[in-house]
Structures are given as structure tokens and as C-alpha cells.
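Hi there,

Here is the structure I promised to pass on to you.

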4 protein chains.
Amino acid sequence: MARGNTRQRIQDVALELFGEQGYEKTSLREIAEHLDVTKAALYYHFKTKEDILNSLFESVSQPIDKLIEWGQGQPRSLETKQEILRRYADALAAAAPLFRFMQENQGTMRELRPGEHFKHRMISLVDLLRDPDAEMPDQVRCFTALMAMHAGMFALKDIEGDPDDKRSAILEVAIELVTQAHTGH
Amino acid sequence: MARGNTRQRIQDVALELFGEQGYEKTSLREIAEHLDVTKAALYYHFKTKEDILNSLFESVSQPIDKLIEWGQGQPRSLETKQEILRRYADALAAAAPLFRFMQENQGTMRELRPGEHFKHRMISLVDLLRDPDAEMPDQVRCFTALMAMHAGMFALKDIEGDPDDKRSAILEVAIELVTQAHTGH
Amino acid sequence: MARGNTRQRIQDVALELFGEQGYEKTSLREIAEHLDVTKAALYYHFKTKEDILNSLFESVSQPIDKLIEWGQGQPRSLETKQEILRRYADALAAAAPLFRFMQENQGTMRELRPGEHFKHRMISLVDLLRDPDAEMPDQVRCFTALMAMHAGMFALKDIEGDPDDKRSAILEVAIELVTQAHTGH
Amino acid sequence: MARGNTRQRIQDVALELFGEQGYEKTSLREIAEHLDVTKAALYYHFKTKEDILNSLFESVSQPIDKLIEWGQGQPRSLETKQEILRRYADALAAAAPLFRFMQENQGTMRELRPGEHFKHRMISLVDLLRDPDAEMPDQVRCFTALMAMHAGMFALKDIEGDPDDKRSAILEVAIELVTQAHTGH
DNA sequence: AATGAATGAGTGTTCATTCAT
DNA sequence: CATGAATGAACACTCATTCAT
């Protein structure tokens, strides 16, 4: 009945519940019940609750790390910056539930390992977009471009319209912001 | 020893701890210990833990409600929209710790009363800024303007620079976004 | 506004709530709220919660004590026994809520002072009705006569019929039982 | 050390303590201490405190339900009614502690599930004994017959005599009451 | 690969009671 | 005659975690 996919199923259910209710408010009992196994079974697959959370980030970390690596190897041109945003939008869409979770649990993330890592990645990303010698408003534009993508992906439900339209509109605005920052107004 | 300021002190400590550790991870025991009173004393002043949180929002709700009311009484001109952003920036600065808390506990807020209220207020605010018949990217610009102010106020610590500079840069970018949306490119 | 009747009002509300919810499940907070005073006010009028309960029994003790005294001064005739039942029925009706409370809180009563007292009174009453040398079934009849009056007064709600009819029917059955016991079949 | 009998032991101790002190006044801590386990262990076996109580009633419900069912399939003759009382006496004796608990916690029972159930069973039982068209005193006799058995089983400690004698005397009186009701005086 | 049974530390909440004012 | 403020002890319940089987 139960094959070697239990680990994966735990991750799926955990992501779903963490996203719906938050990390703290989701208990291992709940996860276990959703899977129709005992709590102890979870401990066969993961050492702690935090470990389950950590594991969820492993899959999403790699694409972003690669994106950063790629960006660092490119010329700091406008085209590069725009491409970074496009690729980041794809990464966001590919791991939407996890980003949604992070968005809603920023506080919890702050004191967890993956939170630290993610923060560093975000800083690296912003650093690829901004020019450290530019005026403050241009710095803010780059920063805002990323923030807007995060927030927009999930909080735009309250505005009517086709989801794909929204997503491409967000990307358009983000690119515009970075372009303004790059060209200097 | 016991003066009439205990209620206020509870609110102060609660805001501080909720902000630092999140609502769920902050226990009433902790709050009580910080105040050197017993947990039961908290219950003399507030009916539940959630009640403490609710009370924190009462002070911040009024200014925003007034701002919305003011905006609804104004012509939907560019000047009005810019003034709304300026006033909102002030409200944000005046209740910074609470906004920071909300930013980091979005998930928790979602299922609490003040969260619901706040969401409605945000929608009302966006509605004052955007033109419902405009293109999607313009809608996104208005939405982004507000989001940027929220996120920027707290997450900009990782970029060096004078806090006041940052704040005014954020406001500048937000105003710019709304201006673009208003003028139609 | 509040005159010297607060003590009485506390007793009234306490009797009502103790009866509805039981002694243990009724908190002083509840009583105070019903009266629109603070808990502390209750302590001005009564030393403890148990004290409130005790005070409720004072008014009902006297009539029963007098009944017992009266019975002990009478010849142990059938007429006397029947008259005891009649008078007891009146006492029961006069303090119905309190008897109802006792009926439903026998366990709690057992370990409280008034419970002890009441038990002694009941034994004295049975002793007035029964002949200690009679056969066991006759003893049981006398005992049952009293029990029936207690239980019947409150538990007969589930049978349709006029309350007065029920009460007089109960008394009739009780008298019959005691008569059978007295005459020896 | 840990065998599969813990659930049963919890029930045993709970019945004992609920009976001695009442349901409300018995804490889970106490039960746990009597068993030398932690409170949390109780929650492995039962979902709530009320659940422990409910479980105690499961064993006693069945015999009474069967008795009612049996009675409903019999002719409404005097013999049937007498047999019902006899069988009910046996059920009472078999689950004496639980009935004693109910007797002393009528108030608590009133608002609990098993209390509701039990009340319905009692009504069904009385309905098997009484003739709904009979005079009120005859109805009362049937009702009293059952009440007497309940009360008598536990409250007769205060009269000297052999317990078995008492029990059979109670049954005798109960049968007599129902017989009078059936024959019409 | 998983369960059954349990734990220790904690949670939010309620209670009867006290006492200075 | 009463309140405002507080306490200490308890309560039902939940949690992440452990470990023998």
C-alpha cells in the first residue's frame, strides 16, 4: 500500500498545511492525520519538525542559487537585469506555494535557517540589480521591483482579472522600475 | 506600586514581544514576566490573548479610517492621490512597530479580526489610487506603491543609508508609480 | 441606588444559578455579573463561596426542624405520619428551587456542611414514619415515600399533566406507602 | 511495563474518582497520579475528559437498551412489567458504581450526552410500565417505582440491615407499586 | 517502514480569594 | 458599601519528541 513515496507525501501535505495555517499553528498530529499515519512515522523520515520545513526549501534554493550564479557571470547590463527578473518570475511561479508561505510567515522565517539563507539570496539578487553608487531612490526601485513580485503574486487576488495578465503586468512594472534605476531616471 | 498604567504597560510589552517573536510564539507567561506580574493579572485587563492584540490595533485603525474618509471626499485627482501616499507614509511611521508586526505575521493576521479589517482598509486605499478601467499594469502600479511602502519601511535595513533618506526615497518611488498610473504611462 | 438588599439579591441570584448549573460550575464572577457588582462586593457580604450556599439553607432548615420537633411531640399514629407528609410537601413546595438544587447536587452536598445537616434531618423524618421493628419492606416504604416526594417534585416534568395534579398525586402515593407500612400490609 | 490495559485502568480509576468526588471536582491530574502516568498519557487514550465519562456509559447502555427492546416486544401485561423491574434491578446492581455516580451528579449529567441518552431510556422504561390513560396517581406509582430503585440502591446505607434484604425489599415495593397501578388500585 | 504508548514542558484560561483604597 | 488590581493554584488540553517493538 505505502510505497517509498511517503517522504514526498509528507512534504506535500506539510507545504499545504504550513501555507494554509502557518508553520507554528500546524501540528505534526495534523500532518500525520492527513496522511493517515502516526506522528511517529514522520520521525522516521525527518528528524524534527523544522527538518520538514528545511527540506521544503531545498528544492527551491537550487534554482535561485543558479540564477544568482548566472547573474554574477553576466555583464551588469540592463538586458541582464531584465533577464534576471524574468527568470525570477519563473522561479516564483514554479514554487508559488512555498513563496506564499514565506510571505505570510516572515516572522517565523527570520529565526529559521532557511530564512537566513533566503535573506542572503535576496540581498545578492538586489545587488545584481542595483548600482551601489546610485541615488537612494534608484536603490529603492530595484528593491521594490523584487518586493512587488513577491507581494503581487499572492496578494493580487483581491483585484479582478486574469491571473496570467496580472503576472505579466507585475513583471512589466518590475522591469520598468529596474530600467528606470539603470538608466538613471 | 500598582497604578493605573498596567493596561498600557501590557500593550507596550505585548507589541514589543509580538513584533520580535510573532504572535503565536509569544506566550502570556512571557508578557507577564516582563511586567513582573502574574498571568492572571493580564486577564484582569484583557479578556483573551487575542483581545490584547485587538487592542493594539485600535489606535492605528482610526488614522487610517480618517485618511480613507478624507480621500473619498476629495476629487480623484493626481494631487489627491499623492497626498494620500504622503499621509499614509506618516501613519506608517507613527505606528511603525505595529506595521512591522503585521508585515511579519501576515498569516496569523489573515484569520484574526483586525486582519480582516486591515485588508478592507487596504482595498479601500488602493481603490482611491487606481482607476478600475485602467490597464492591468497601471492597477499593479498603484498596488505596488502601497506594498512598497509597507515592505520598504522595515526591510530596507539591509541597505546602508540614512533612515530618513530611505523613507523619503520610498515615498518618492511610490508617488512616481501612482503618477505613472494616473497619467497613463 | 443600591440599598440594604444586596445580601438578599446575592442569595437570589446564587440560588438561581446554583440550581441551573450546579454549585461547582457557577463562578462568583457569574453571580457578580448578574448583579452588576464586582466579585469583591460578594466578599463584603459573605466570607466564602460556601458561605453563600450555607446561607441559602438557613431559611429552609428552620421549617423542617420545626416539623421534626412537632412530629416528635406527637403520638406515633397514622394520622401524625400523614400530617408529617402533608407538611413536608408544603415545605418542599415553599423551597422548591433549593430542593431541586440538592437533588441535582447530591455529590457536592455530601461533603458540605448543609448536606450533613440535611441528611440528619431526613433520617429523623424517616424515623418518625417508620417502625424500627417492622419488616424491611415496610421500612423501604417509608423511605420511598420521602424519596418519591423529592424526586417527583422535579423530575415529573416529563409527564404531561397539571402540576398541581401531579403534586397531589405524589402526596397521595406517599401517604399510601406510609399507611401500608403503618398498618402492616 | 506498558501493557495494553492502560485504557481500562483509566476507566476504572475515573469511575472510582468520579463516584467519590463528582465529575467536575475530579481533575485529570488526579486520575493520572493514581495511575502513575502523566496527564498527557490520558490524552493518548481519550480525546477529552468528557470522553472518558462517555466511555464509562457505553458498557451500561447496552443492557438497558436491550431491556427496553425486550419490553417493547412483550405484551403489556402485569407479568411483563414485573419482569422489567426484576431485570432492571439486576442491571442496576451490575453497574452500581455508575448509577451511584449518576444519582449524585444529576446536575452535571443533565448537560452531558450520556445524561440525555439516559433520560430518554428512563422515559422509555416508564412508558413500558405505565398506562398513559390511567389516573395521575397510577402514573406516579410507576414513576416512583423506578425512582425508588435508583435512590434506594445507594441511599439505604443509613438504615441497618442486610444489603441483600434491602435490595429485595426495594424490588418488592417497586413491584407492588406497579401492580397497584396496573390493576387500578 | 512504521506503530503504540508515553513524556515533559508548555499553552491559554478560570477560579476563589485578598486587600488597600 | 463597594471597587480596582492582583495573586496563586489549578485546570483541560496540545505539542514536539522518544523509544521499544
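Below is what I found, going through the chain pairs one after the other.

First, the ground rules. This is a predicted model, in which local features need pLDDT of at least 70 and side-chain atom pairs count only at pLDDT 80 or more, while totals for chains, interfaces and linings use all residues. Residues are numbered from 1 along each chain as its sequence is written, chains are lettered from A and ligands numbered from 1 in the order in which they are written, and side-chain values use heavy atoms, with hydrogens and water left out.

**Chains A and B**

Two copies of a chain are related by a rotation about an axis and a shift along it.

The contact (heavy atoms within 4.5 Å) involves 41 residues of chain A and 41 residues of chain B. Since 100% of the interface residues of chain A are also interface residues in chain B, the copies meet through the same surface. About 3,500 Å² is buried between chain A and chain B, 60% of it on carbon and sulfur atoms; buried area here is the accessible area (1.4 Å probe) that two parts lose on being put together, summed over both. On the chain A side, the residues that lose the most area to chain B are Glu104(A), Met136(A) and Phe143(A), together 15% of what that side buries.

Six salt bridges are counted between chain A and chain B, the rule being a side-chain nitrogen of Lys or Arg within 4 Å of a carboxyl oxygen of Asp or Glu. In one of them, Glu176(A) pairs with Arg141(B), with the closest N and O atoms 2.5 Å apart.

Which elements build the side of chain A that touches chain B? Two or more residues each come from α1 (6-21), α6 (96-104), α7 (106-110), α8 (113-129), α9 (136-155) and α10 (163-183) of chain A. Helices are DSSP runs (H or I, at least four residues) and strands likewise (E, at least two), numbered from the N terminus. The largest share of that side, 11 residues, is from α9(A). By class, the side of chain A that touches chain B has 15 nonpolar, 10 polar and 16 charged residues, where Ala, Val, Leu, Ile, Met, Phe, Trp, Tyr, Cys and Pro count as nonpolar, Asp, Glu, Lys and Arg as charged, and the others, Gly among them, as polar.

Arg141(B) also has a salt bridge inside its own chain, with Asp138(B) (2.8 Å, N to O). Both residues lie in helix α9 (residues 136-155) of chain B, three residues apart, about one turn of the helix.

**Chains C and D**

Chain D goes onto chain C with an RMSD of 0.1 Å, by a turn of 180° and a shift of 0.1 Å along the axis. That is the relation of a two-fold axis. Asn105(D) comes closest to the axis among the residues of chain D, at 3.0 Å (C-alpha).

Here 41 residues from chain D meet 40 residues from chain C, and about 3,500 Å² is buried between them, 60% of it on carbon and sulfur atoms. Six salt bridges cross this interface, including Arg110(D) with Glu104(C) at 2.4 Å, N to O.

**Other pairs and totals**

Chain B and chain C do not touch, with their nearest C-alpha atoms 12 Å apart. Chain B and chain D have no contact either, and their closest C-alpha atoms lie 20 Å apart. Over all chains, the structure holds 40 salt bridges.

Best wishes

Terms used: Least-squares fit on C-alpha atoms with pLDDT ≥ 70 in both.
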